[in-house]
Amino acid sequence: MVAALLRSNLFASILRRSGNDPLPASPGEALNRFRTDVGEVADFPTWLPDQLGKWVAAAIAIVIMARINLGITALIFVPLIAVVGLTRLAWGRILHYDRASLHAADAVTGFLSEAAGAVQAVKIANAEEDIAAHFNELNEQRANAMIRYQLFWGLLNTLNSSMVTFGTGVILLLAGTAISAGTFTVGDFALFVSYLWFTTQVPSEIGTFYGDYKTQEISIERMLELIRPEPPGPLVQPHPVYARGPLPEVPFPSRTSADRF
């Protein structure tokens, strides 16, 4: 429903533009923003209940683990503070490449739109090979931007995943001594390992959540470019989108003899 509302308001704003006030982007680029940027913003609210549930569950699990053995718990989770910091630093670079990949995608779709609208001119100028070469160049630029983005994203996920393995190793190293001393049981060990799989992911997901929150700025700014010089308000103006329930009556215009071809 959020996506439908944003797309409806974007389209209504474009229709309100005067004829001598062209769009700041080509039709292909505008369609890319209708799809990618609206989808990015509309998807973000689904993060909120997911993250809230994980943070509450992790807090309860860490309290239980600390009450069983504070030393092992601290040794597992203190390094995760460094992971949060690294995630925060990495997101700056990821956002840079995300913005670059979006601009590269705009260039590809914008060029396709212009080329499709000028087929006759391309044929007259005998420029088919030049058009294809330029299209390949734009796609190469887009591929390079996406590779950088996916590379940093993969490195970040690898770092986060390795912390789970690190925590399991710490438990294995310390559990033997603690079990021998009678301060740790096999059941405690099983509980720690089961909790470890989701509690160690939460600190890194905080950084990921913050980074995804920051990407909203990029997508919202790209949508606002389409409605300027209107203020931001019309972009989120509430109105029925009829995603469910009875649909509104569609008025059928009466025809007269003037409507005949």
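Accessible areas here come from the Shrake-Rupley method with a 1.4 Å probe, and for residues only the protein chains shown count as cover. This is a predicted model, in which local features need pLDDT of at least 70 and side-chain atom pairs count only at pLDDT 80 or more, while totals for chains, interfaces and linings use all residues. Residues are numbered from 1 along each chain as its sequence is written, and side-chain values use heavy atoms, with hydrogens and water left out.

**Figure 1. The whole chain and its surface.** The accessible surface of the chain comes to about 15700 Å², and 66% of that area belongs to carbon and sulfur atoms. The chain has eight helices and zero strands; helices (H or I, at least four residues) and strands (E, at least two) are DSSP runs, numbered from the N terminus. The radius of gyration is 27 Å, well over the 18 Å that the globule rule gives for 261 residues, so the chain is more spread out than a compact globule. That radius is taken over C-alpha atoms, and the globule rule is 2.2 Å times the number of residues to the power 0.38. Along the principal axes, the C-alpha atoms fill a box of roughly 95 × 50 × 30 Å. Of the 261 residues, 34% count as buried; buried means under 20% relative accessible area, exposed over 50%, and partly exposed in between (1.4 Å probe, protein chains only).

**Figure 2. The aromatic pair of Tyr-97 and Phe-152.** The structure holds two aromatic pairs. Rings of Phe, Tyr and Trp (its six-membered ring) pair if their centres lie within 6.5 Å; planes under 30 degrees apart count as stacked, over 60 as edge-to-face and the rest as tilted. Tyr-97 and Phe-152 form a tilted pair, 5.4 Å centre to centre, with 45 degrees between the planes. This pair links distant parts of the chain, with Tyr-97 in helix 4 (residues 70–116) and Phe-152 in helix 6 (residues 128–180), 55 residues apart. Tyr-97 is buried at 15% relative accessibility, whereas Phe-152 is partly exposed at 27%.

**Figure 3. The aromatic pair of Phe-111 and Phe-135.** Here the rings are stacked, with 6.3 Å centre to centre and 20 degrees between the planes. Phe-111 lies in helix 4 and Phe-135 in helix 6, so the pair ties together parts that are 24 residues apart in sequence. The relative accessible area of Phe-111 is 14%, which makes it buried; Phe-135, with 25%, is partly exposed.

**Figure 4. Ser-101 and its contacts.** Ser-101 has its place in helix 4 and counts as buried, at 6% relative accessibility. Leaving aside residues up to four places away in sequence, Ser-101 touches Ala-145 and Met-146. Contact means heavy atoms within 4.5 Å. Among contacts in the chain between residues at least 6 apart in sequence, 86% join residues at least 24 apart.

Figure 5. Asn-126 is not a glycine, yet it has a positive phi of about 55 degrees. Asn-126 lies in the loop between helix 5 (119–124) and helix 6, and at 63% relative accessibility it counts as exposed. The peptide bond from Arg-228 to Pro-229 is cis, with omega near 15 degrees, and Pro-229 is found in the segment after helix 8 (201–227). Tyr-242 also lies in the segment after helix 8. Its phi is near 55 degrees, a positive value in a residue other than glycine, and Tyr-242 counts as partly exposed at 42% relative accessibility.
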